[in-house]
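Let us go through this model and ask what backs each label. Each answer sets a value against a cut-off.

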Amino acid sequence: MILQIFGVFDILKKKEEDESIDYYLQRLADLQNEELDILLNIGTYYLNQSDYDESLKYLEKGLRLTLDLKDEELEAFILDTMGDVYLNTRDISQAIEYYMEALRIYRSTNSPLKDELREKIKEVEKIKEAIEISEINKMAERSVPEIEADYEIDMGKILPKLDRLVGMVESTAMYGTYEDDKEALIQLKEAFKISKEIGDENGEASLRLLMGNYAFKQKKYEDAMRYFKDSRELFRRLGDQKSLSVAMLLLGTTNFILGDMEGVSNNFRGAVEKFQKLEDKEAEALAIDLLNTLYND
Amino acid sequence: MKLYESGVPGFDALLGDVGGIPENTVNLLYGPPKVGKSIFCYQFMYNGLLQEEPCLFITADYGLKELQQRTMDFNWFIQTHMQQQNLYVIDLLSRLSGKKLEDSANYKISSLQNPTDMMVKVGTGTRAVFQKSTKFRSVFDSLTVQFAFNPDHLVLRVLKAYINRIKEARGIAIITHTEGTVESKIEDYLKNTVDNVIYLDGNNITIEATEETQEVKAPYTIDDNGISIG
C-alpha cells in the first residue's frame, strides 16, 4: 500500500516537473524576445541621437541574440538598421555590405521587405558613385605647386597598378610577353606595323597602350602620352568602353606626372564614370586606388 | 625554278609535266568537311620534312598534341623533326583550352582572336625556316575557324599578309578552307588571292582551271598511308 502511495507521488512529481520546464522555457523565450526588443529600441534611439558607436554596440548585441533565437527575419532587420548606422557615418561601402547581407536573408525568407531594401541599396549605390566623382574632382582640383614642391612619386607603387590596368584589356594578354624581351619597344613597334598592315584596329589600340606603358616605365613621358592618346582614340572608335577607360587612366597618370591637373581630372573622372556605367566595380576600385596613390603618397 | 614534291602519290602528275609544285606558289585546298583536307596537308608537310625541307605549320583547328596524334595515325612521326627544329608550329588553338603552355624555339602559341600576334609569329617563323633552308613549305590549316573568330575583311587581310611573307621568301604554301562556311563572294575572293585552287569532295580531287591551265580532275582514296590519287 505504502509503495503504491509513493508511486502516485512520483507520477504527480513528474507531471509538475514537465509543466514547470515548459513554463520556464516559454518564460526564457519571452524574456529574450523582450530583451531583443529593448536592444533594438536602444540601438535605434542612439541612431536617432547620432551616437553611432553606442547604436552599433546595442545593435550588435541584438544581432547575437537573433542568432541564438534563430530568428532570421529579425536578424535581417538588425543588419538593415546597422547598414543605416554606417550610412550615417558615411561609410557607404560598409553600409552596402550590411544591406546586401540583409537582402540575402530577406530573399531566402521571401520577406515582403526585400523589394524596399533593394530600392534602398540602389539609392545608396548612386550616393556612393556621386561621392566618388566628387572626391576625384576635389583631388584633381588641388593646385599644381602643392604637388611639385619636392614631390617625388613612388613609381614602385604606381607601376604595378598600371600593369594591372593594362592587364584588364584582354587583347593585350598575347602581346604582354613582348615586354619581357630586351628589345621590347622594337618588338611592339614591329607588331604595331603589322596590325596596321592587316587592319587589326583592336591590335593597334592594344599595342599603343602597351607601348605607352613601356615608355612610361622608361620615364619617356611625352612618348607615353602620345601612345596613350592614340590608344584612347582607337578604343573610342572601336566602341570598347572598358579599354577606353583604361587608356584614359593611363593618360591621366601621365598627365599627373607632367603636371596637367585638368587632364588628370578629365581622364580619371571620365574613366570612373564609364566603369560605373559598365558596373565594373573592380576596375572602379582600381581607378580610385590609383588616384589615391598619386595624391596621397 | 625550285620544284616541290607534294608527297601525295599521283598529285604531282596531275599538275602536268613539271613534276611538282613550283616555288612561290600558294594553293587553296577547299571542300566540305571530312574529305581529307588536313590529311593532304600532313602528307605534304611530312614529305617535305623527309627531304630536309622545313615547314612552317599554322594550326587553327587543333593543337600541337592533336597534330602529333593525327599524323601518328599514318605513321608520320613529327617529334624528331620538332626536336631538330625543322618543323615550326604556330598553335592558335591550345591557348583557348586554358592550359598553361610555353613557347619554345619552334613552337609558338598564339590566339585566334589576335591576328596581329599570329602575323608577328608568322614573320619570325618564316625567317626561322628560311634560315634552315631556302626551300621550305608552309601549311595554314585552316582559315575556317579564323573566319569564325574575326571579321571577314580582317581574315582576308591576314591571308594576304601571310601569302606575302611566304612569297617574299620564295616558299610554297597550302591553305585549307571548309566550303560553305563563308559567303560565296568571300570564297571567290579567296580563290582569286591564291595561285592554285584544289577542290576535294570525298571522291575526286579537282585542280581548278587558271588562265594558263585547264581543269584537271581525278579520283582519290584515303587509307593508312594517306591520300593517293588515281
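**Labels and their cut-offs**

In chain A, 43% of the 297 residues are buried, meaning under 20% relative accessible area, with exposed over 50% and partly exposed in between (1.4 Å probe, protein chains only). This is a predicted model, where local features need pLDDT of at least 70, side-chain atom pairs count only at pLDDT 80 or more, and totals for chains, interfaces and linings use all residues. Residues are numbered from 1 along each chain as written, chains are lettered from A and ligands numbered from 1 in written order, and side-chain values use heavy atoms, without hydrogens and water.

Q: What makes up chain A in terms of helices and strands?
A: Chain A has 13 helices and 0 strands. Helices (H or I, at least four residues) and strands (E, at least two) are DSSP runs, numbered from the N terminus. Chain B has 8 helices and 12 strands.

Q: Why is C41(B) called buried?
A: Its relative accessibility is 0%. The cut-off for buried is under 20%, so C41(B) counts as buried. C55(B) also has 0% relative accessibility, so C55(B) counts as buried.

Q: Why is the pair D163(A) and K217(A) called a salt bridge?
A: A salt bridge needs a side-chain nitrogen of Lys or Arg within 4 Å of a carboxyl oxygen of Asp or Glu. In D163(A) and K217(A), the closest N and O atoms are 2.8 Å apart, so the pair meets the rule. D163(A) lies in helix α7 and K217(A) in helix α9 of chain A, so the bridge ties together parts 54 residues apart in sequence.

Q: Why are R226(A) and D223(A) separated by about one helical turn?
A: They are 3 residues apart in helix α10 of chain A, so about one helical turn separates them. R226(A) is partly exposed at 43% relative accessible area. D223(A) is partly exposed at 29%.

Q: What makes the largest nonpolar core a core?
A: A nonpolar core is a set of buried Ala, Val, Leu, Ile, Met, Phe, Trp, Tyr and Cys residues joined through side-chain atoms within 4.5 Å. The largest has 93 residues, and those with the most contacts inside it include L165(A) and M119(B). Helix α7 (residues 152-168) of chain B gives the largest share, 9 residues.

Q: Which residues does M119(B) contact, leaving aside neighbours within four places in sequence?
A: Contact means heavy atoms within 4.5 Å. With those neighbours set aside, M119(B) is in contact with residues including I194(A), I198(A) and Y162(B).
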